[in-house]
Amino acid sequence: MIVLGCNGFTRGAEIFADKFGAVGTEKHYILGHDAGAALLVDGKLVAAVEEERLNREKKTSDFPINAVQWCLEKAGIEFSEIDLIAIPWNFSNEVFDATMHDLASAPLPPMEKVDRLARIGELFDKALGREAILADFAARTGFTPDPEKVVFVQHHLAHAMTGYYMAGMKDTAFLISDGRAELFSSLTGEIRDGKIRVFEESIISANDSLGNLFASITRFLGFVPNNDEYKVMGLSGFAEAPSPNPFLEHIVQLHEGGRYSLVRPHDLENPRCFDGLFEQCFGPFQDTLEYKANIAAAAQEMLTAVTSHQLRALESRTDLNHLLFEGGLALNCVNNTQLLEGSRFEDMSVSFGASDTGVVIGAAVHAWANHPDNTAEVKYADTVTPYLGPEYDEATIESTLREFGGRVEYTRIPDGEVADQVAKLLTEKVVIGWFQGRLEHGPRALGHRSILANPKFPDIKDVINTRVKHREPFRPFAPIVLESDAEKIFEMGRKKRSPYMTFVFPVRPEYHNVIPGATHVDGTSRVQTITDEDTPLLATLLRRFTALTDVPCLINTSFNVAGEPIVCSPADALNCFLGTEIDYLVLGNYLVTKTGQAA
């Protein structure tokens, strides 16, 4: 069975901009962001890519025409061969009716309700409704799908199935939390034998969204909501949360059974509806590191308190020992570690597609696993790799390098010598663009489209932030480490591995001065563990580098600059290389320098 997962709406951004003010700093405050496609063939994930990597528009919500076409071309499949098309949204008639009921009961003037009804109606009619999605697919692809073969999957269930598939399809409890989906923002439940059971009493409405509250904090601190929340997480390391915590005292209320609510509904029409409360709690806004870090630390503590509250209730409802955490809030890796260590669960998985990048995978898995023809197949649990996107052969790399002739110089490194030569370069204070194999899926660079550097230099973080990434100086960088060495360098707690940079661990004291460039101000690191099976060339490079330097880690950050997607093609890599102060580019087997650069 062939299943295509597809996320993105041609008119979504236009309607959200025109009707809901999603422009400027609010441009990502829409549904359908992180558009993409994934292809599942007989239960095996063969291809997946975000549309942003191909159309070069960060967090695009457009229909993923390039991603769909690439996935089919990669597998050698025609549209007519697709058995199911899976959409990670289910804006059914029931969802529309519930939305109308909420609007009718809202404390708003009648004409305000009429105005909102018109805008919501257009959004459903032109973008989110089933007929609109089917028409969009046909218009953009030229293929009219059989409506009976299109499966609309509730967004949070797509998140759950993403994590379930990545974790080997073993029975598991789950917590899903993000900004909002059709009607909800968070829920918990179990997956047994591929079947999802939601604990209905755990459902949190979109009006009480913890994700949207965190987005409001992000906006208040001067960052872009639904995009820069990780900056708030990074800032939190610069301060201790105030006691008592104003967020827990005045803004979020915890209730029995793991539920919670906000003191006022989060209003899509008024994204700054909490700013006044924030200033009452923390004083008038000040554009200082101290002021922002104080709020960030309080927000981080609040996030952990609320999600821990949910987990305690989940623990009482399930006898399963494994936990999945998926959804946008699962990208908060500081919180992830604290959740696991404070719970009774033996292990916790957060996938490389935990945010909306992964819902195309989860929707496809859900459609496949719940199809009556596949009841005997859903035990499939092969190892899933994040390296699911485009790759480029040597001929393509050579051709692209020739197109950049006059601007770059390059030499081909003999086969088997790439790791040796790059390891020697990394003994110095240099920054290297690293481009190998298939593009990784998800928001993190996991060693195929990465920027690498030596973490022994205390100021290397400042070098990369200012000369390369063009981003705020407080932002930390993550280390890669061999899985076999991780426990020696980091206090891993219950985790044995962290292959997707979704957990943070304290750096052992004896290594603070060994890897200062990869140690955050609070003494922690967002770790990626690697193995020879996962990334053989990168693992070899790390071994050679460690042999030369006695430094057991490398800095790994995404190969892009602020505001741009991670590079996908050789041309993307070369443009980023030439537009920054990256010292060297390793493009497959080619070592590239800028014309006139000293060797």
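Author: The model is predicted. The axes of helix 8 (residues 210–220) and helix 11 (residues 275–282) come within 10 Å and cross at roughly 70°.

Reader: Why are helix 8 and helix 11 called roughly perpendicular?

Author: The term covers angles of 65 to 115 degrees. The crossing angle of helix 8 and helix 11 is roughly 70°, and the two helices are therefore roughly perpendicular to each other.

Reader: What makes the contact between helix 8 and helix 11, and which residues meet there?

Author: Contact requires heavy atoms within 4.5 Å. From helix 8, Leu 213, Ser 216, Ile 217 and Phe 220 take part, and they meet Asp 275, Phe 278 and Glu 279 of helix 11. By class, this contact comprises 4 nonpolar, 1 polar and 2 charged residues.

Reader: How do you know whether helix 4 and helix 5 are roughly parallel or roughly antiparallel?

Author: The axes of helix 4 (residues 93–105) and helix 5 (residues 110–128) come within 10 Å, with a crossing angle of roughly 165°. Angles over 145 degrees count as roughly antiparallel, so helix 4 is roughly antiparallel to helix 5. The crossing of these two helices is right-handed.

Reader: Which residues of helix 4 and helix 5 meet?

Author: Helix 4 contributes Val 95, Phe 96, Thr 99, Met 100, Leu 103, Ala 104 and Ser 105, while helix 5 contributes Lys 113, Arg 116, Leu 117, Ile 120, Gly 121 and Phe 124. The classes in this contact are 8 nonpolar, 3 polar and 2 charged residues.

Reader: What makes a space a cavity rather than a pocket, and how many cavities of 30 Å³ or more are there?

Author: In a cavity a 1.4 Å probe fits but cannot get out, whereas a pocket is open. The count is 3 cavities of 30 Å³ or more.

Reader: What makes a residue part of the lining, and which residues line the largest cavity?

Author: A lining residue has an atom within 4 Å of a point of the cavity. For the largest cavity these residues are Cys 6, Asn 7, Gly 8, Phe 9, Phe 63, Ile 87, Trp 89, Ala 127, Ile 133, Asp 136 and Phe 137. Strand 1 (2–7) and helix 6 (130–141) each give two or more residues to that lining, and helix 6 supplies the largest share, 3 residues. The lining has 8 nonpolar, 2 polar and 1 charged residues.

Reader: Which residues line the second largest cavity, and how do they divide by class?

Author: Phe 20, Gly 21, Ala 22, Glu 26, Tyr 29, Leu 268 and Pro 271 line the second largest cavity. They divide into 5 nonpolar, 1 polar and 1 charged residues. Gly counts as polar.

Reader: What is the volume of the second largest pocket, and which residues lie nearest its centre?

Author: The volume of the second largest pocket is about 620 Å³. Its lining has 35 residues, and Met 166, Ala 167, Arg 497, Pro 499 and Tyr 500 lie nearest the centre. By class, the lining has 13 nonpolar, 12 polar and 10 charged residues.

Reader: How do you know that the peptide bond between Ser 243 and Pro 244 is cis?

Author: Omega of that bond is about 0°, and the bond is cis. Pro 244 is in the loop between helix 9 (229–235) and helix 10 (246–251).

Notes
Residues are numbered from 1 along each chain as its sequence is written. This is a predicted model: local features need pLDDT of at least 70, side-chain atom pairs count only at pLDDT 80 or more; totals for chains, interfaces and linings use all residues. Side-chain values use heavy atoms; hydrogens and water are left out. On a 1 Å grid over the protein atoms alone, a cavity is a set of points where a 1.4 Å probe fits but cannot get out, and a pocket is an open set with protein on both sides within 12 Å along at least five of seven lines; lining residues have an atom within 4 Å of a point. Grid points are joined across faces, edges and corners, and a volume is the space filled by probe spheres set on the points. Axes are lines fitted to C-alpha atoms, for helices over the stretch in contact, and angles run from 0 to 180 degrees between N-to-C directions. Helices (H or I, at least four residues) and strands (E, at least two) are DSSP runs, numbered from the N terminus. Angles under 35 degrees count as roughly parallel, over 145 as roughly antiparallel, 65 to 115 as roughly perpendicular and the rest as oblique. A crossing is left-handed if the near helix is turned anticlockwise from the far one by less than a right angle, and right-handed if clockwise.
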